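Reader: I have a structure open on my screen and I'd like to learn how to read it. Could you walk me through some features?

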Amino acid sequence: TLGTPKFDKNTVAWIIERSSRFVLFTKIPSLKYTVDAFKTSLNKFPSAKKSITLDNWAENSRFKELKLATYFCHPYSSWEKWAIEHAFKRLRRFIPKKHKLSLYSFNDIKHFEHIMNHTPRKCLQWKTPFEVFNQSLTK
């Protein structure tokens with residue numbers, strides 16, 4: 001989830017598919033809805049679900065509801081979740097640190113998701129995450 005100022009409970013729950021860098025964002029009113037957002041996002045692509053890696057934070061305590069093989073990062077080990085950390089940096093281009101997420105609509109968040117999924121990436125041989133993800137679904 002995206003860190004926000006303490007006075008703003010809104011946050012963004014998101015999932016990243018590691019090999020394609022495809023991201024799914026969901027704006028949620030507070031961290032207690034994180035697992036619900038994950039379930040909604042994952043249900044969009046049932047054939048793509050295999051496992052999930054989560055942080056060891058309280059918002060992920062309902063992880064069993066996801067009905068997936070679940071792995072957890074070690075505390076304070078950001079290198080174990082490099083894909084999401086890099087995606088955080090990319091999203092910060094649109095939502096700078098300490099900006100209120102309540103100022104951004106659901107459509108704004110989906111627009112940022114669209115841009116990130118449709119921008120060619122060098123690590124993907126200049127394909128977009130969307131193209132690589134769709135190719136993996138058809139295999």
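Reader: Which residues have the most contacts inside the largest nonpolar core?

Author: Some ground rules before the answer. This is a predicted model, where local features need pLDDT of at least 70 and side-chain atom pairs count only at pLDDT 80 or more, while totals for chains, interfaces and linings use all residues. Residues are numbered from 1 along each chain as its sequence is written, and side-chain values use heavy atoms, with hydrogens and water left out.

Author: Now the general idea: in soluble globular proteins, nonpolar side chains tend to be buried together. A nonpolar core here is a set of buried Ala, Val, Leu, Ile, Met, Phe, Trp, Tyr and Cys residues joined through side-chain atoms within 4.5 Å. Buried means under 20% relative accessible area, exposed over 50%, and partly exposed in between (1.4 Å probe, protein chains only). In this model the largest core has 16 residues, and those with the most contacts inside it are Trp14, Phe25, Leu91, Ile95, Ile109, Phe112 and Met116.

Reader: Which helices and strands each supply at least two residues of this core?

Author: Helices (H or I, at least four residues) and strands (E, at least two) are DSSP runs, numbered from the N terminus. For this core, β1 (11–17), β2 (22–28), α2 (82–91) and α3 each supply at least two residues. The largest share, 5 residues, comes from α2.

Reader: What does Phe25 touch?

Author: Contact means heavy atoms within 4.5 Å. Not counting residues up to four places away in sequence, Phe25 touches Val12, Ala13, Trp14, Leu91, Ile109, Lys110, Phe112, Glu113 and Met116. Apart from this core lies another one, of 11 residues, among them Ile28, Phe38, Leu42 and Ile52.

Reader: Let's turn to strands. How many bridges join β1 to β2?

Author: Two strands pair if DSSP finds at least two bridges between them. β1 and β2 run antiparallel and are joined by 7 bridges; Ile15, for instance, has Leu24 in β2 as its bridge partner. Their hairpin has 4 residues between the strands, and Arg21 takes a positive phi near 65° there. Because 6 of the 7 residues of β2 are buried, this strand is largely enclosed by the rest of the structure.

Reader: Why does Leu54 count as buried?

Author: Leu54 counts as buried because its relative accessibility is 5%. Leaving aside neighbours within four places in sequence, Leu54 is in contact with Phe38, Asn60, Phe63, Leu66, Thr70, Tyr71, Phe72 and Cys73. The C-alpha atoms of Leu54 and Tyr71 are separated by 6.3 Å, though these residues are 17 residues apart along the chain.

Reader: Where is Lys67, and why does it count as exposed?

Author: Lys67 is in the loop between β3 (51–54) and β4 (69–72). Lys67 counts as exposed because its relative accessibility is 75%. Its phi is near 55°, a positive value in a residue other than glycine. Gln125 also has a positive phi near 55°; its place is the loop between α3 (106–117) and α4 (129–138).

Reader: What about pockets: what volume does the largest one have?

Author: The search uses a 1 Å grid over the protein atoms alone: a cavity is a set of points where a 1.4 Å probe fits but cannot get out, and a pocket is an open set with protein on both sides within 12 Å along at least five of seven lines; lining residues have an atom within 4 Å of a point. Grid points are joined across faces, edges and corners, and a volume is the space filled by probe spheres set on the points. The largest pocket has a volume of about 1,000 Å³. Of the 36 residues lining it, the closest to its centre are Ile15, Ile16, Glu17, Ile52 and Thr53. α2 gives the most to this lining, with 5 residues.
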